[in-house]
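Hi there,

Here is the structure I promised to pass on. Have a look at it first, and my notes follow below.

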Amino acid sequence: MKRKMLPLIIMLTAGAVVGIVTYIMHYELEIFLAILLAVLLVFYIVGCLIKRTLDSFDQAEEKSEELSDEGEVIEKEPEEGSQRDETGTSGEEG
């Protein structure tokens, strides 16, 4: 899911809820607008914090995957011509 729109979705959802509740409760227009402005600002900030937290989790996960990929050791198979015998010397005597 793209997180770019997350703060806006949270803010607008909260604004819709406030709009419905204040209409049902018969608030005056000035009070309604002040409450709506405050709610929109607060929930936009909350949405930004949630987005930043989720992005930081993704970055940490990417770093851990990157480190695990770099930490793998791949052993080369010995070449056939340079095999060593049990004494640690090459197969040639001299």
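A word on terms before the notes: a residue is called buried under 20% relative accessible area, exposed over 50%, and partly exposed in between (1.4 Å probe, protein chains only). Please keep in mind that this is a predicted model, where local features need pLDDT of at least 70, side-chain atom pairs count only at pLDDT 80 or more, and totals for chains, interfaces and linings use all residues. Residues are numbered from 1 along each chain as its sequence is written, and side-chain values use heavy atoms, with hydrogens and water left out.

Salt bridges

How many salt bridges does a search of the whole structure find? The search gives three, a salt bridge being a side-chain nitrogen of Lys or Arg within 4 Å of a carboxyl oxygen of Asp or Glu. Asp58 pairs with Arg3, with 2.4 Å between the closest N and O atoms. That pair links distant parts of the chain, since Asp58 sits in helix α2 and Arg3 in the segment before α1, 55 residues apart. Helices here are DSSP runs (H or I, at least four residues), numbered from the N terminus. Asp58 counts as partly exposed at 31% relative accessibility, and Arg3 is partly exposed as well, at 23%.

Arg3 also meets the side chain of Asp55 in a salt bridge (3.4 Å, N to O). This pair too links distant parts of the chain, with Asp55 in helix α2 and Arg3 in the segment before α1, 52 residues apart. Lys51 forms a salt bridge with Asp55, the closest N and O atoms lying 3.2 Å apart. Through shared partners, the salt bridges join Arg3, Lys51, Asp55 and Asp58 into one network. Lys51 and Asp55 are both in helix α2, four residues apart, or about one turn of the helix. In general, an α-helix has 3.6 residues a turn, so residues three or four places apart point the same way. Asp55 is partly exposed at 25% relative accessibility, and for Lys51 the value is 25%.

Helix α1

Helix α1 covers residues 6-24. Among the buried residues of α1 are Leu6, Met11, Ala14 and Val18. After α1 comes His26, with a positive phi near 60°.

Surface patches

Patches are made of residues with over 30% relative accessible area and no salt bridge, with like charges joined within 9 Å and nonpolar side chains (Val, Leu, Ile, Met, Phe, Trp, Tyr) within 5 Å. Areas come from the Shrake-Rupley method with a 1.4 Å probe, and for residues only the protein chains shown count as cover. One nonpolar patch of about 850 Å² includes Val17, Ile20, Tyr23 and Tyr27. Helix α1 gives the most to this patch, with five residues. Tyr27 lies in the loop between α1 and α2 and is partly exposed at 42% relative accessibility.

Best wishes

Methods:
Helix = DSSP H or I, 4+ residues; strand = E, 2+ residues; numbered from the N terminus. Expected span 1.5 Å × (residues − 1).
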